[in-house]
Amino acid sequence: MWLLLLPVLLLTLLFLVINKIKAKNENKPQLPPSPPKLPIIGNLHQLGSLPHQSLWKLSKSYGHVMGLHFGTVPAIVVSSAEAAKEVLKTNDLACCNRPSLTGSGKLSYNNLDITFSPYGEHWRQIRRLCVLKLFSSKSVQSFQFIRDGEIDSLNDFLNESSVLATPVNLSVMMSTLMASMTFRTAFGKRFAECGLESDVFEEMIHRAMSVLGTFAACDLFPHLGWIIDRLTGVHAKFERSFRELDNFFQIVIAEHLNRTPEEGKEDLVDLLLSIERGEYDSTEVHFTRDCTKAIIMDIFVAGVDTAALTVTWAMAELARNPRVMKKVQDEIRSCLKKSKVTESDIHQLQYLKMVVKETLRLHPAAPLLLPRECISQFKVGGYEVYPKTFIHVNVWAIGRDPNYWYNPEEFFPERFADSSIDFKGQHFEYLPFGAGRRGCPGMIMALTMVELTLANLLCCFDWKLSAGMKETDIDMEEASGITTFKKSALKLVPVSYQWPSKLQT
Ligand code: HEM
(Lines give C-alpha, C1' and ligand atoms only; values in the text may rest on other atoms or scores of the structure.)
Protein backbone atom coordinates (compact mmCIF):
# COMPACT_ATOMS: atom_id res chain seq x y z
CA MET A 1 0.00 0.00 0.00
CA TRP A 2 2.78 2.49 1.08
CA LEU A 3 4.78 1.52 -1.98
CA LEU A 4 1.83 2.53 -4.13
CA LEU A 5 1.14 5.78 -2.27
CA LEU A 6 4.74 7.05 -2.12
CA PRO A 7 5.15 7.83 -5.86
CA VAL A 8 1.75 9.56 -5.89
CA LEU A 9 2.77 11.68 -2.89
CA LEU A 10 6.12 12.54 -4.44
CA LEU A 11 4.51 13.51 -7.73
CA THR A 12 1.98 15.72 -5.94
CA LEU A 13 4.80 17.39 -4.01
CA LEU A 14 6.80 17.98 -7.18
CA PHE A 15 3.75 19.43 -8.89
CA LEU A 16 3.16 21.81 -5.98
CA VAL A 17 6.80 22.95 -5.92
CA ILE A 18 6.85 23.58 -9.70
CA ASN A 19 3.61 25.53 -9.47
CA LYS A 20 4.96 27.67 -6.66
CA ILE A 21 8.16 28.51 -8.58
CA LYS A 22 6.08 29.32 -11.66
CA ALA A 23 3.76 31.62 -9.69
CA LYS A 24 6.76 33.33 -8.11
CA ASN A 25 8.30 33.95 -11.53
CA GLU A 26 5.01 35.18 -12.91
CA ASN A 27 4.68 37.71 -10.08
CA LYS A 28 8.33 38.70 -10.29
CA PRO A 29 8.65 42.10 -11.98
CA GLN A 30 9.96 41.78 -15.52
CA LEU A 31 13.09 43.87 -16.01
CA PRO A 32 14.25 44.90 -19.49
CA PRO A 33 17.02 42.84 -21.11
CA SER A 34 20.42 44.22 -20.36
CA PRO A 35 23.93 43.83 -21.82
CA PRO A 36 26.37 42.33 -19.28
CA LYS A 37 27.75 44.99 -16.96
CA LEU A 38 30.98 45.39 -15.00
CA PRO A 39 31.21 46.01 -11.27
CA ILE A 40 31.23 49.71 -10.28
CA ILE A 41 31.10 51.21 -13.78
CA GLY A 42 28.08 49.22 -14.96
CA ASN A 43 27.69 49.59 -18.73
CA LEU A 44 29.74 52.78 -19.12
CA HIS A 45 32.48 50.97 -21.03
CA GLN A 46 29.95 50.10 -23.76
CA LEU A 47 28.96 53.70 -24.50
CA GLY A 48 31.99 54.78 -26.55
CA SER A 49 32.43 58.33 -27.79
CA LEU A 50 29.07 58.40 -29.59
CA PRO A 51 26.61 56.84 -27.11
CA HIS A 52 23.56 57.07 -29.42
CA GLN A 53 25.38 54.98 -32.03
CA SER A 54 26.68 52.41 -29.51
CA LEU A 55 23.25 52.13 -27.90
CA TRP A 56 21.65 51.65 -31.32
CA LYS A 57 24.00 48.72 -32.00
CA LEU A 58 23.30 47.22 -28.55
CA SER A 59 19.55 47.58 -29.09
CA LYS A 60 19.83 45.24 -32.09
CA SER A 61 20.85 42.46 -29.70
CA TYR A 62 18.95 43.43 -26.56
CA GLY A 63 15.77 44.92 -27.95
CA HIS A 64 14.07 48.30 -28.21
CA VAL A 65 13.67 48.59 -24.43
CA MET A 66 17.04 48.01 -22.81
CA GLY A 67 18.14 48.27 -19.19
CA LEU A 68 21.60 49.61 -18.36
CA HIS A 69 23.61 51.03 -15.50
CA PHE A 70 25.67 54.19 -15.82
CA GLY A 71 27.88 53.70 -12.79
CA THR A 72 25.36 52.77 -10.11
CA VAL A 73 22.52 54.71 -11.75
CA PRO A 74 19.89 52.54 -13.45
CA ALA A 75 18.77 53.66 -16.90
CA ILE A 76 16.55 52.45 -19.70
CA VAL A 77 17.05 53.25 -23.35
CA VAL A 78 14.15 53.01 -25.77
CA SER A 79 14.77 52.73 -29.50
CA SER A 80 11.40 52.26 -31.19
CA ALA A 81 8.48 54.57 -31.95
CA GLU A 82 6.09 52.30 -30.01
CA ALA A 83 8.22 52.34 -26.85
CA ALA A 84 8.86 56.11 -27.26
CA LYS A 85 5.09 56.64 -27.33
CA GLU A 86 4.69 54.62 -24.13
CA VAL A 87 7.31 56.79 -22.42
CA LEU A 88 6.54 60.24 -23.82
CA LYS A 89 2.76 60.01 -24.11
CA THR A 90 1.19 57.18 -22.11
CA ASN A 91 3.50 57.59 -19.11
CA ASP A 92 4.66 61.17 -19.66
CA LEU A 93 3.63 62.25 -16.17
CA ALA A 94 5.40 59.31 -14.48
CA CYS A 95 8.78 60.28 -15.96
CA CYS A 96 8.89 64.01 -16.59
CA ASN A 97 11.57 64.95 -14.08
CA ARG A 98 14.98 65.93 -15.34
CA PRO A 99 17.97 64.74 -13.32
CA SER A 100 18.78 67.81 -11.26
CA LEU A 101 22.26 69.35 -11.28
CA THR A 102 22.00 70.55 -7.75
CA GLY A 103 20.20 67.45 -6.47
CA SER A 104 23.04 65.23 -7.69
CA GLY A 105 25.63 67.52 -6.10
CA LYS A 106 27.07 68.51 -9.48
CA LEU A 107 26.49 72.14 -8.56
CA SER A 108 25.81 73.66 -5.21
CA TYR A 109 25.37 76.99 -6.90
CA ASN A 110 21.73 76.35 -7.42
CA ASN A 111 20.14 79.38 -8.98
CA LEU A 112 20.92 78.33 -12.55
CA ASP A 113 19.82 74.71 -12.28
CA ILE A 114 18.48 74.93 -15.76
CA THR A 115 16.00 72.14 -15.64
CA PHE A 116 13.68 73.45 -12.95
CA SER A 117 13.50 69.96 -11.59
CA PRO A 118 11.50 68.57 -9.88
CA TYR A 119 8.34 68.55 -11.93
CA GLY A 120 5.47 70.12 -10.04
CA GLU A 121 3.02 73.01 -9.94
CA HIS A 122 5.77 75.68 -9.80
CA TRP A 123 7.58 74.20 -12.81
CA ARG A 124 4.30 73.89 -14.71
CA GLN A 125 3.36 77.53 -14.14
CA ILE A 126 6.77 78.80 -15.18
CA ARG A 127 6.78 76.69 -18.29
CA ARG A 128 3.28 77.94 -19.19
CA LEU A 129 4.41 81.55 -18.80
CA CYS A 130 7.52 80.95 -20.92
CA VAL A 131 5.57 79.24 -23.68
CA LEU A 132 2.95 81.99 -23.74
CA LYS A 133 5.12 85.06 -23.30
CA LEU A 134 8.59 84.22 -24.61
CA PHE A 135 8.34 81.38 -27.10
CA SER A 136 4.92 82.02 -28.70
CA SER A 137 4.84 82.87 -32.42
CA LYS A 138 3.80 86.45 -31.53
CA SER A 139 6.83 86.91 -29.29
CA VAL A 140 9.16 85.24 -31.81
CA GLN A 141 7.82 87.53 -34.55
CA SER A 142 8.47 90.61 -32.47
CA PHE A 143 12.22 89.91 -32.72
CA GLN A 144 12.16 89.58 -36.49
CA PHE A 145 14.04 92.87 -36.98
CA ILE A 146 17.02 91.45 -35.05
CA ARG A 147 17.27 88.30 -37.18
CA ASP A 148 16.85 90.45 -40.27
CA GLY A 149 19.81 92.63 -39.30
CA GLU A 150 22.01 89.63 -38.54
CA ILE A 151 21.15 88.06 -41.91
CA ASP A 152 22.22 91.33 -43.63
CA SER A 153 25.61 91.15 -41.89
CA LEU A 154 25.95 87.49 -42.88
CA ASN A 155 25.17 88.25 -46.52
CA ASP A 156 27.68 91.15 -46.55
CA PHE A 157 30.40 88.92 -45.17
CA LEU A 158 29.65 86.14 -47.66
CA ASN A 159 29.62 88.60 -50.58
CA GLU A 160 33.13 89.71 -49.61
CA SER A 161 34.28 86.08 -49.37
CA SER A 162 32.73 85.43 -52.75
CA VAL A 163 34.91 88.12 -54.32
CA LEU A 164 38.00 86.51 -52.79
CA ALA A 165 36.74 83.04 -53.81
CA THR A 166 37.97 81.59 -50.51
CA PRO A 167 36.21 78.85 -48.53
CA VAL A 168 34.30 79.98 -45.45
CA ASN A 169 34.02 77.92 -42.29
CA LEU A 170 30.25 77.47 -42.12
CA SER A 171 30.39 75.57 -38.82
CA VAL A 172 31.97 78.54 -37.03
CA MET A 173 29.89 81.10 -38.90
CA MET A 174 26.62 79.41 -37.96
CA SER A 175 27.60 79.24 -34.28
CA THR A 176 28.48 82.94 -34.26
CA LEU A 177 25.33 83.88 -36.16
CA MET A 178 22.98 81.98 -33.84
CA ALA A 179 24.81 83.29 -30.77
CA SER A 180 24.51 86.88 -32.07
CA MET A 181 20.81 86.49 -32.90
CA THR A 182 20.10 85.02 -29.47
CA PHE A 183 22.29 87.55 -27.65
CA ARG A 184 20.52 90.52 -29.19
CA THR A 185 17.09 88.93 -28.66
CA ALA A 186 17.87 88.32 -25.00
CA PHE A 187 19.78 91.47 -24.09
CA GLY A 188 18.86 93.99 -26.80
CA LYS A 189 22.54 94.67 -27.58
CA ARG A 190 25.35 93.35 -29.72
CA PHE A 191 28.33 91.59 -28.13
CA ALA A 192 30.56 94.60 -28.71
CA GLU A 193 28.09 96.95 -27.03
CA CYS A 194 28.56 94.84 -23.88
CA GLY A 195 32.34 95.03 -24.19
CA LEU A 196 32.58 91.40 -25.33
CA GLU A 197 34.06 89.58 -28.28
CA SER A 198 31.54 87.07 -29.65
CA ASP A 199 33.88 84.14 -29.03
CA VAL A 200 34.33 85.11 -25.36
CA PHE A 201 30.61 84.72 -24.76
CA GLU A 202 30.38 81.55 -26.87
CA GLU A 203 33.18 80.08 -24.75
CA MET A 204 31.24 80.90 -21.57
CA ILE A 205 28.21 79.05 -22.93
CA HIS A 206 30.29 76.10 -24.07
CA ARG A 207 31.89 75.78 -20.65
CA ALA A 208 28.42 75.70 -19.08
CA MET A 209 27.30 73.15 -21.67
CA SER A 210 30.18 70.87 -20.87
CA VAL A 211 28.89 70.78 -17.29
CA LEU A 212 25.64 69.39 -18.64
CA GLY A 213 27.22 67.12 -21.22
CA THR A 214 29.98 65.41 -19.22
CA PHE A 215 29.47 62.70 -16.64
CA ALA A 216 30.84 63.80 -13.28
CA ALA A 217 31.43 61.22 -10.54
CA CYS A 218 28.32 62.44 -8.70
CA ASP A 219 26.17 61.62 -11.75
CA LEU A 220 27.37 58.03 -11.73
CA PHE A 221 27.68 57.38 -8.00
CA PRO A 222 25.07 59.61 -6.37
CA HIS A 223 26.05 58.73 -2.79
CA LEU A 224 29.80 59.20 -2.80
CA GLY A 225 30.68 60.72 -6.17
CA TRP A 226 30.50 64.28 -4.86
CA ILE A 227 33.56 63.57 -2.68
CA ILE A 228 35.56 62.53 -5.74
CA ASP A 229 34.36 65.63 -7.64
CA ARG A 230 35.48 67.87 -4.81
CA LEU A 231 38.86 66.18 -4.47
CA THR A 232 39.56 66.25 -8.21
CA GLY A 233 38.52 69.88 -8.63
CA VAL A 234 35.72 68.99 -11.07
CA HIS A 235 33.12 70.49 -8.77
CA ALA A 236 35.04 73.78 -8.47
CA LYS A 237 35.43 73.94 -12.24
CA PHE A 238 31.69 73.46 -12.78
CA GLU A 239 30.84 76.09 -10.17
CA ARG A 240 33.25 78.58 -11.76
CA SER A 241 31.67 78.27 -15.17
CA PHE A 242 28.14 78.78 -13.85
CA ARG A 243 29.27 81.63 -11.61
CA GLU A 244 30.84 83.52 -14.53
CA LEU A 245 27.57 83.34 -16.46
CA ASP A 246 25.60 84.34 -13.40
CA ASN A 247 27.84 87.39 -12.88
CA PHE A 248 27.35 88.39 -16.49
CA PHE A 249 23.56 88.01 -16.25
CA GLN A 250 23.63 90.03 -13.03
CA ILE A 251 25.29 93.00 -14.80
CA VAL A 252 22.90 92.88 -17.76
CA ILE A 253 19.86 92.66 -15.50
CA ALA A 254 21.09 95.60 -13.38
CA GLU A 255 21.37 97.69 -16.57
CA HIS A 256 17.86 96.71 -17.60
CA LEU A 257 16.47 97.70 -14.23
CA ASN A 258 17.85 101.20 -14.70
CA ARG A 259 16.03 101.95 -17.94
CA THR A 260 12.55 102.02 -19.41
CA PRO A 261 12.43 100.15 -22.72
CA GLU A 262 10.82 101.76 -25.74
CA GLU A 263 7.39 100.24 -26.36
CA GLY A 264 7.59 97.39 -28.84
CA LYS A 265 11.37 97.23 -28.45
CA GLU A 266 11.50 95.12 -25.30
CA ASP A 267 14.05 92.31 -25.27
CA LEU A 268 13.70 88.98 -23.46
CA VAL A 269 15.23 90.34 -20.25
CA ASP A 270 12.66 93.18 -20.26
CA LEU A 271 9.89 90.60 -20.69
CA LEU A 272 11.26 88.40 -17.91
CA LEU A 273 11.56 91.37 -15.54
CA SER A 274 7.95 92.32 -16.21
CA ILE A 275 6.92 88.72 -15.45
CA GLU A 276 8.88 89.04 -12.20
CA ARG A 277 6.90 92.18 -11.39
CA GLY A 278 3.70 90.17 -11.93
CA GLU A 279 2.58 92.26 -14.91
CA TYR A 280 1.67 89.27 -17.03
CA ASP A 281 -0.25 86.88 -14.93
CA SER A 282 -3.14 87.11 -12.54
CA THR A 283 -2.19 83.84 -10.82
CA GLU A 284 0.36 83.87 -8.02
CA VAL A 285 3.45 82.47 -9.76
CA HIS A 286 6.53 82.69 -7.60
CA PHE A 287 8.74 84.08 -10.37
CA THR A 288 12.02 85.19 -8.86
CA ARG A 289 15.25 86.77 -10.14
CA ASP A 290 16.74 83.29 -10.19
CA CYS A 291 13.97 82.15 -12.56
CA THR A 292 14.85 85.03 -14.88
CA LYS A 293 18.53 84.05 -14.90
CA ALA A 294 17.82 80.35 -15.30
CA ILE A 295 15.55 80.97 -18.29
CA ILE A 296 18.14 83.15 -20.03
CA MET A 297 20.64 80.38 -19.39
CA ASP A 298 18.22 77.78 -20.83
CA ILE A 299 17.74 79.80 -23.97
CA PHE A 300 21.47 80.06 -24.66
CA VAL A 301 22.36 76.51 -23.71
CA ALA A 302 19.42 74.92 -25.51
CA GLY A 303 19.04 77.26 -28.46
CA VAL A 304 22.36 78.39 -29.93
CA ASP A 305 24.28 75.21 -30.75
CA THR A 306 21.18 73.23 -31.72
CA ALA A 307 20.14 75.77 -34.35
CA ALA A 308 23.73 76.27 -35.60
CA LEU A 309 24.47 72.59 -36.04
CA THR A 310 21.14 71.99 -37.81
CA VAL A 311 21.96 74.57 -40.50
CA THR A 312 25.51 73.20 -40.79
CA TRP A 313 24.26 69.61 -41.31
CA ALA A 314 21.69 70.86 -43.83
CA MET A 315 24.42 72.61 -45.84
CA ALA A 316 26.66 69.53 -45.64
CA GLU A 317 23.86 67.26 -46.89
CA LEU A 318 23.03 69.70 -49.70
CA ALA A 319 26.67 70.01 -50.76
CA ARG A 320 26.77 66.20 -51.00
CA ASN A 321 23.50 66.06 -52.93
CA PRO A 322 23.65 68.51 -55.86
CA ARG A 323 20.22 67.38 -57.11
CA VAL A 324 18.55 68.47 -53.86
CA MET A 325 20.69 71.64 -53.67
CA LYS A 326 19.56 72.71 -57.14
CA LYS A 327 15.92 71.85 -56.49
CA VAL A 328 15.73 73.86 -53.28
CA GLN A 329 17.59 76.84 -54.78
CA ASP A 330 15.31 76.80 -57.81
CA GLU A 331 12.28 76.83 -55.52
CA ILE A 332 13.52 79.81 -53.51
CA ARG A 333 14.71 81.85 -56.47
CA SER A 334 11.73 81.20 -58.71
CA CYS A 335 9.20 81.67 -55.94
CA LEU A 336 10.57 84.89 -54.50
CA LYS A 337 12.52 86.52 -57.34
CA LYS A 338 14.41 88.75 -54.93
CA SER A 339 17.85 88.82 -53.39
CA LYS A 340 16.90 88.40 -49.75
CA VAL A 341 14.45 86.08 -48.04
CA THR A 342 12.37 87.46 -45.17
CA GLU A 343 10.39 85.53 -42.59
CA SER A 344 7.08 86.28 -44.25
CA ASP A 345 8.33 84.52 -47.41
CA ILE A 346 9.11 81.21 -45.73
CA HIS A 347 5.59 79.75 -45.83
CA GLN A 348 5.84 79.62 -49.64
CA LEU A 349 8.95 77.45 -49.55
CA GLN A 350 7.56 73.94 -49.13
CA TYR A 351 10.62 72.09 -50.40
CA LEU A 352 12.92 74.09 -48.12
CA LYS A 353 10.76 72.96 -45.19
CA MET A 354 11.15 69.34 -46.33
CA VAL A 355 14.94 69.82 -46.47
CA VAL A 356 14.91 71.04 -42.84
CA LYS A 357 12.70 68.10 -41.79
CA GLU A 358 14.96 65.60 -43.50
CA THR A 359 18.05 67.19 -41.89
CA LEU A 360 16.47 66.85 -38.45
CA ARG A 361 15.55 63.21 -39.14
CA LEU A 362 19.15 62.23 -39.92
CA HIS A 363 20.83 64.73 -37.59
CA PRO A 364 18.60 65.41 -34.59
CA ALA A 365 20.48 67.93 -32.45
CA ALA A 366 19.85 65.95 -29.24
CA PRO A 367 20.11 62.30 -30.42
CA LEU A 368 19.04 60.82 -27.06
CA LEU A 369 16.76 63.78 -26.20
CA LEU A 370 17.56 65.12 -22.73
CA PRO A 371 17.48 62.50 -19.98
CA ARG A 372 14.26 62.10 -18.02
CA GLU A 373 14.02 60.65 -14.56
CA CYS A 374 11.26 58.27 -13.48
CA ILE A 375 9.07 59.70 -10.71
CA SER A 376 6.66 56.79 -10.18
CA GLN A 377 6.79 53.16 -11.29
CA PHE A 378 5.39 52.35 -14.74
CA LYS A 379 5.77 49.79 -17.51
CA VAL A 380 7.27 50.14 -20.95
CA GLY A 381 7.21 47.29 -23.46
CA GLY A 382 5.89 45.13 -20.59
CA TYR A 383 9.00 45.86 -18.48
CA GLU A 384 8.97 47.52 -15.12
CA VAL A 385 10.61 50.97 -14.68
CA TYR A 386 11.32 52.11 -11.12
CA PRO A 387 11.59 55.61 -9.63
CA LYS A 388 14.98 57.31 -10.04
CA THR A 389 15.70 55.37 -13.26
CA PHE A 390 17.06 57.60 -16.05
CA ILE A 391 15.21 57.34 -19.36
CA HIS A 392 16.79 57.99 -22.73
CA VAL A 393 14.91 57.95 -26.03
CA ASN A 394 17.19 57.23 -28.96
CA VAL A 395 15.50 59.44 -31.57
CA TRP A 396 18.61 59.22 -33.74
CA ALA A 397 18.12 55.43 -34.03
CA ILE A 398 14.35 55.71 -34.53
CA GLY A 399 14.92 58.23 -37.34
CA ARG A 400 17.05 55.65 -39.18
CA ASP A 401 14.94 52.59 -38.53
CA PRO A 402 13.96 50.85 -41.81
CA ASN A 403 10.69 49.78 -40.12
CA TYR A 404 9.55 53.39 -40.36
CA TRP A 405 11.67 54.90 -43.13
CA TYR A 406 12.28 53.72 -46.68
CA ASN A 407 16.02 53.82 -47.52
CA PRO A 408 16.68 55.51 -44.17
CA GLU A 409 20.32 56.47 -44.80
CA GLU A 410 19.45 58.44 -47.95
CA PHE A 411 18.97 62.23 -47.73
CA PHE A 412 15.64 62.39 -49.56
CA PRO A 413 13.45 65.37 -48.52
CA GLU A 414 10.65 64.25 -50.87
CA ARG A 415 9.74 61.56 -48.33
CA PHE A 416 7.92 64.33 -46.44
CA ALA A 417 5.81 65.41 -49.45
CA ASP A 418 2.15 64.49 -48.89
CA SER A 419 3.05 63.23 -45.44
CA SER A 420 1.32 64.37 -42.28
CA ILE A 421 4.46 63.85 -40.18
CA ASP A 422 5.37 67.04 -38.32
CA PHE A 423 7.57 68.22 -35.44
CA LYS A 424 4.92 68.44 -32.78
CA GLY A 425 5.67 65.20 -30.98
CA GLN A 426 2.62 63.24 -32.13
CA HIS A 427 4.53 61.09 -34.66
CA PHE A 428 6.79 58.95 -32.55
CA GLU A 429 8.97 57.80 -35.43
CA TYR A 430 10.07 61.44 -35.80
CA LEU A 431 10.97 63.33 -32.61
CA PRO A 432 13.71 65.92 -33.23
CA PHE A 433 12.11 68.25 -30.67
CA GLY A 434 11.06 65.50 -28.24
CA ALA A 435 7.47 65.22 -27.04
CA GLY A 436 5.18 65.58 -24.07
CA ARG A 437 5.56 67.85 -21.06
CA ARG A 438 9.33 68.10 -21.57
CA GLY A 439 9.28 68.63 -25.34
CA CYS A 440 11.29 71.58 -26.67
CA PRO A 441 9.46 74.84 -25.83
CA GLY A 442 11.65 76.83 -28.25
CA MET A 443 10.57 74.98 -31.40
CA ILE A 444 8.98 77.98 -33.14
CA MET A 445 12.02 80.16 -32.49
CA ALA A 446 14.33 77.34 -33.57
CA LEU A 447 12.56 76.68 -36.86
CA THR A 448 12.35 80.39 -37.62
CA MET A 449 16.10 80.83 -37.12
CA VAL A 450 17.01 77.69 -39.06
CA GLU A 451 14.66 78.17 -42.03
CA LEU A 452 15.46 81.88 -42.43
CA THR A 453 19.21 81.34 -42.33
CA LEU A 454 19.18 78.37 -44.67
CA ALA A 455 16.87 80.12 -47.14
CA ASN A 456 19.21 83.11 -47.34
CA LEU A 457 22.35 81.02 -47.71
CA LEU A 458 20.68 79.24 -50.63
CA CYS A 459 18.97 82.21 -52.25
CA CYS A 460 21.92 84.58 -52.45
CA PHE A 461 24.80 82.18 -53.09
CA ASP A 462 25.81 79.11 -55.00
CA TRP A 463 28.16 76.86 -53.05
CA LYS A 464 31.29 75.24 -54.38
CA LEU A 465 33.54 72.66 -52.77
CA SER A 466 37.15 73.59 -51.99
CA ALA A 467 39.57 72.97 -54.86
CA GLY A 468 40.15 69.28 -55.54
CA MET A 469 37.29 68.05 -53.38
CA LYS A 470 34.47 65.77 -54.52
CA GLU A 471 30.99 65.54 -52.96
CA THR A 472 31.86 62.15 -51.49
CA ASP A 473 34.90 63.67 -49.71
CA ILE A 474 32.65 65.63 -47.35
CA ASP A 475 33.17 64.06 -43.95
CA MET A 476 29.85 63.35 -42.21
CA GLU A 477 31.31 62.03 -38.96
CA GLU A 478 29.74 63.24 -35.73
CA ALA A 479 31.62 64.71 -32.78
CA SER A 480 30.94 63.44 -29.28
CA GLY A 481 28.83 65.51 -26.92
CA ILE A 482 25.30 66.08 -25.68
CA THR A 483 24.51 67.60 -29.11
CA THR A 484 25.64 66.11 -32.41
CA PHE A 485 28.04 68.54 -34.02
CA LYS A 486 29.71 67.74 -37.30
CA LYS A 487 33.19 66.58 -36.30
CA SER A 488 35.19 68.39 -38.99
CA ALA A 489 34.31 71.96 -39.88
CA LEU A 490 32.24 72.42 -43.04
CA LYS A 491 34.16 74.65 -45.46
CA LEU A 492 32.52 75.75 -48.69
CA VAL A 493 33.16 78.54 -51.19
CA PRO A 494 30.26 81.01 -51.62
CA VAL A 495 29.63 82.38 -55.11
CA SER A 496 27.28 85.37 -55.20
CA TYR A 497 24.29 84.47 -57.34
CA GLN A 498 23.88 86.62 -60.46
CA TRP A 499 20.20 87.27 -61.02
CA PRO A 500 19.22 87.12 -64.69
CA SER A 501 17.00 90.21 -64.66
CA LYS A 502 16.32 93.33 -62.66
CA LEU A 503 15.72 92.47 -59.03
CA GLN A 504 13.10 93.37 -56.54
CA THR A 505 14.71 94.30 -53.25
C1 HEM B 1 17.00 73.25 -34.14
C2 HEM B 1 16.99 73.69 -32.92
C3 HEM B 1 16.52 72.93 -31.70
C4 HEM B 1 16.33 71.59 -31.54
C5 HEM B 1 16.53 70.48 -32.56
C6 HEM B 1 15.88 71.40 -30.18
C7 HEM B 1 15.58 70.17 -29.62
C8 HEM B 1 15.29 69.98 -28.29
C9 HEM B 1 15.09 68.70 -27.69
C10 HEM B 1 15.17 67.36 -28.41
C11 HEM B 1 14.83 68.89 -26.38
C12 HEM B 1 14.54 67.80 -25.34
C13 HEM B 1 13.08 67.40 -25.47
C14 HEM B 1 12.70 66.18 -24.68
O15 HEM B 1 13.48 65.74 -23.83
O16 HEM B 1 11.59 65.65 -24.94
C17 HEM B 1 14.86 70.31 -26.13
C18 HEM B 1 14.65 70.91 -24.89
C19 HEM B 1 14.66 72.25 -24.70
N20 HEM B 1 14.77 73.23 -25.66
FE21 HEM B 1 15.14 72.92 -27.62
N22 HEM B 1 15.81 72.61 -29.54
C23 HEM B 1 16.17 73.58 -30.44
C24 HEM B 1 16.21 74.94 -30.21
C25 HEM B 1 15.78 75.55 -29.07
C26 HEM B 1 15.66 76.99 -28.88
C27 HEM B 1 15.96 78.03 -29.96
C28 HEM B 1 15.27 77.19 -27.60
C29 HEM B 1 14.97 78.47 -26.87
C30 HEM B 1 14.81 79.61 -27.38
C31 HEM B 1 15.12 75.89 -26.97
C32 HEM B 1 14.75 75.68 -25.67
C33 HEM B 1 14.68 74.44 -25.05
C34 HEM B 1 14.50 74.25 -23.61
C35 HEM B 1 14.34 75.35 -22.56
C36 HEM B 1 14.48 72.87 -23.40
C37 HEM B 1 14.32 72.14 -22.05
C38 HEM B 1 12.85 71.79 -21.86
C39 HEM B 1 12.59 71.05 -20.55
O40 HEM B 1 13.48 70.46 -19.97
O41 HEM B 1 11.44 71.09 -20.10
N42 HEM B 1 15.43 74.92 -27.89
N43 HEM B 1 15.13 70.96 -27.31
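I began with Cys-440, which I found in the loop between α16 (395–398) and α17 (443–460), where helices are DSSP runs of H or I with at least four residues, numbered from the N terminus. I note that this is a predicted model, in which local features need pLDDT of at least 70 and side-chain atom pairs count only at pLDDT 80 or more, while totals for chains, interfaces and linings use all residues. Residues are numbered from 1 along each chain as its sequence is written, and side-chain values use heavy atoms, with hydrogens and water left out.

I then looked up the iron atom of the ligand, and its only protein donor is Cys-440 (SG), at 2.4 Å; donors are N, O and S atoms within 2.8 Å of the metal (3.2 Å for Na, K and Ca), and water is not among the atoms, so sites may look incomplete.

Next I listed the shell around the ligand, which has 26 residues, the closest being Arg-98, Arg-127, Pro-432, Arg-438 and Cys-440, where a residue counts if one of its heavy atoms lies within 4 Å. I found that α13 gives the largest share of this shell, 7 residues, and that α4 (121–134), α13 and α17 each supply at least two.

I also checked polar contacts (pairs of N or O atoms within 3.5 Å) between side chains and oxygen atoms of the ligand: Arg-98 is at 2.8 Å, Arg-438 at 3.1 Å and Arg-127 at 3.2 Å.

Technical notes: A polar contact is a pair of N or O atoms within 3.5 Å; within protein, one must be able to donate a hydrogen and the other to accept it, and residues adjacent in sequence count only if both atoms are side-chain atoms.
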